[in-house]
Amino acid sequence: MTNYPPQSPYQTGLAGTCPRCGEGALFKGFLGLQPRCPNCGLDYAKADAGDGPAVFVIFIVGFLGVVAALVLRYGMNASIAVAFLGSSAFSIALILGMLRPMKGVLIGLQYREKAAEGALDGGTDDWTA
């Protein structure tokens, strides 16, 4: 088995690369994961970010979207419709731009911390197998 130097979960997540080798692609499509790393063969079956990325993105973008609407409405004297459309477009663009990197970072953190589903039998099933 090859030893891989530790990778930053933030760098690999933002780049969408394998959390073990930092070179292979993590994603297939926009948010779907590859079955395994094409470079080192790491099985991504244990990778499950769940709803975590969406929750973080909703909290961040929700705050920024409201700020954008307020700036448009009261800072630039835009109509309510323009403020709504402008903040909606801003929020949608930000959501689409943040979901994939956030999912990659959370998967990278799961790999680094060897996170796995809880088990009562003390199983040895982990990321490095």
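**Salt bridges, cysteines and surface**

Author: The model is predicted, and the salt-bridge count in it comes to one.

Reader: Which side chains meet in that salt bridge?

Author: The side chains of R112 and E113 meet there, with a distance of 3.0 Å from N to O.

Reader: And how exposed are R112 and E113?

Author: R112 is partly exposed, with a relative accessible area of 43%, whereas E113 counts as exposed at 53% relative accessibility.

Reader: Let me step back to the overall fold: how many helices and strands does the chain have?

Author: The chain has three helices and zero strands, so that reading along the sequence gives the pattern α-α-α.

Reader: What share of the residues counts as buried, and what can you say about the surface and the contacts?

Author: Of the 129 residues in the chain, 30% count as buried. The accessible surface comes to about 8200 Å², and 63% of that belongs to carbon and sulfur atoms. As for contacts between residues at least 6 apart in sequence, 47% of them join residues at least 24 apart.

Reader: Changing topic to the cysteines, how many disulfides are there?

Author: The count comes to zero disulfides. C37, for instance, is in no disulfide, and the nearest cysteine sulfur, that of C40, is 3.7 Å away.

Reader: Are C37 and C40 buried or exposed?

Author: C37 counts as buried, at 3% relative accessibility, and C40 also counts as buried, at 16%.

Reader: Which residues touch the most other members of the largest nonpolar core?

Author: That core has 13 residues, and C18, C37, C40, L42 and Y44 are the ones that touch the most other members. If we leave out residues up to four places away in sequence, C37 touches C18, C21, G24, L42 and Y44. As general background, nonpolar side chains in soluble globular proteins tend to be buried together.

Reader: Where is G41 placed, and what does G41 touch?

Author: G41 sits in the loop between α1, which covers 9-15, and α2, and it is partly exposed, with a relative accessible area of 25%. Not counting residues up to four places away in sequence, G41 touches R20 and R36.

Reader: How far apart are G41 and C21?

Author: G41 and C21 are 20 residues apart in sequence, and the distance between them in space is 9.4 Å from C-alpha to C-alpha.

Reader: Back to the surface, then: which residues form a nonpolar patch there?

Author: The patch is formed by F56, I60, F63, L64, V67, V71, M76 and F90, and together these residues have about 730 Å² of accessible area.

Reader: Which helix gives the most to the nonpolar patch?

Author: Helix α2, residues 52-75, gives the most, with six residues. V71 lies in that helix, and V71 is partly exposed, with a relative accessible area of 44%.

Methods
Residues are numbered from 1 along each chain as its sequence is written. This is a predicted model: local features need pLDDT of at least 70, side-chain atom pairs count only at pLDDT 80 or more; totals for chains, interfaces and linings use all residues. Side-chain values use heavy atoms; hydrogens and water are left out. A disulfide is a pair of cysteine sulfur atoms within 2.5 Å. Buried means under 20% relative accessible area, exposed over 50%, partly exposed in between (1.4 Å probe, protein chains only). Helices (H or I, at least four residues) and strands (E, at least two) are DSSP runs, numbered from the N terminus. Contact means heavy atoms within 4.5 Å. Accessible areas come from the Shrake-Rupley method with a 1.4 Å probe; for residues, only the protein chains shown count as cover. A nonpolar core is a set of buried Ala, Val, Leu, Ile, Met, Phe, Trp, Tyr and Cys residues joined through side-chain atoms within 4.5 Å. Patches are made of residues with over 30% relative accessible area and no salt bridge: like charges are joined within 9 Å, nonpolar side chains (Val, Leu, Ile, Met, Phe, Trp, Tyr) within 5 Å. A salt bridge is a side-chain nitrogen of Lys or Arg within 4 Å of a carboxyl oxygen of Asp or Glu.
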